[in-house]
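Student: Before we discuss anything, could you show me the sequence together with the model, and then take me through the contacts that hold it together step by step?

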Amino acid sequence: MKLIKETSAQWLGNGMGNSTADWVIKGAEHIKVYKVLGCWKVQDTLTKTTLVRFADNRKQALEMYAQRCAAQH
């Protein structure tokens, strides 16, 4: 699975720290991989469905998404 960077990491200002980059899956650009409130998530932006909710890092989020896809087929 290859990722394309949708938005870059940003400095949010003093006391706020940094935001992480948002990613989409190449060939399925409607699948977004992003971090919010300390957890990585995978979301289908077409149906507004959260596919992975609580992953510790981006790699784990992608692994959980791949397992979910494999289970559906």
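**Salt bridges, core and cysteines**

Tutor: Let us start from one pair of side chains in this predicted model: Lys32 and Glu6 form a salt bridge, with their closest N and O atoms 4.0 Å apart. Because Lys32 belongs to strand β5 and Glu6 to strand β1 (residues 3-7), the pair ties together parts that lie 26 residues apart in sequence.

Student: Is Asp22 buried or exposed, and what is its relative accessible area?

Tutor: Not counting residues up to four places away in sequence, Asp22 touches Ile4, Lys5, Glu6, Thr7, Lys32, Val33 and Tyr34. Because buried means under 20% relative accessible area, Asp22 counts as buried, with a value of 15%.

Student: Over the ring of which residue does the charged end of Lys32 sit, and which residue lies over the face of Trp23?

Tutor: The charged end of Lys32, which also forms a salt bridge with Glu6, sits 5.2 Å from the centre of the ring of Tyr34. A search for aromatic pairs, by contrast, gives 0 in the structure. As for Trp23, the residue over its face, at 4.5 Å from the ring centre, is Arg58.

Student: Which residues touch the most other members of the largest nonpolar core, and which elements each supply at least two residues of this core?

Tutor: The largest nonpolar core has 14 residues, and those that touch the most other members are Ile25, Ile31, Val33, Val42 and Tyr65. At least two residues of this core come from each of β4 (22-25), β5 (28-36), β6 (39-44), β7 (49-55) and α1 (58-72).

Student: What does Tyr65 touch, not counting residues up to four places away in sequence?

Tutor: Tyr65 is one of the residues that touch the most other members of the largest nonpolar core. With residues up to four places away in sequence set aside, what Tyr65 touches is Met1, Ile25, Ile31, Val42, Leu51 and Val52.

Student: How many disulfides does a search of the whole structure find, and how far is the sulfur of Cys69 from that of Cys39?

Tutor: A disulfide is a covalent bond between the sulfur atoms of two cysteines, and the cut-off applied here is 2.5 Å between those atoms. The search of the whole structure finds 0 disulfides, and for Cys39, which is in none, the nearest cysteine sulfur is that of Cys69, at 20 Å.

Student: Where is Ala9 found, and what is its relative accessibility?

Tutor: Ala9 is found in the loop between β1 and β2 (10-11). Leaving aside neighbours within four places in sequence, Ala9 is in contact with Ser19, Thr20 and Ala21, while its C-alpha atom is 17 Å from that of Lys59, 50 residues apart along the chain. Ala9 counts as exposed, and its relative accessibility is 52%.

Student: In what order do the elements run from the N terminus, and what percentage of the residues is buried?

Tutor: The protein has 1 helix and 7 strands, in the order β-β-β-β-β-β-β-α from the N terminus on. Its C-alpha atoms fill a box of roughly 45 × 20 × 20 Å along the principal axes. Of the contacts with a separation of 6 or more, 15% are between residues 24 or more positions apart. Among the 73 residues in the protein, the buried share is 29%.

Notes: Residues numbered from 1 in each chain as written. Predicted model: local features only at pLDDT ≥ 70, side-chain atom pairs only at ≥ 80, totals over all residues. Heavy atoms only, no water. Core = buried A, V, L, I, M, F, W, Y, C linked by side-chain atoms within 4.5 Å. Buried < 20%, exposed > 50% of the residue type's maximum accessible area, 1.4 Å probe, protein only. Helix = DSSP H or I, 4+ residues; strand = E, 2+ residues; numbered from the N terminus. Contact = heavy atoms within 4.5 Å. Phe/Tyr/Trp six-rings, centres within 6.5 Å; stacked < 30°, edge-to-face > 60°. Lys NZ or Arg CZ within 6 Å of the ring centre and 35° of its normal. Salt bridge = Lys/Arg side-chain N within 4 Å of Asp/Glu carboxyl O.
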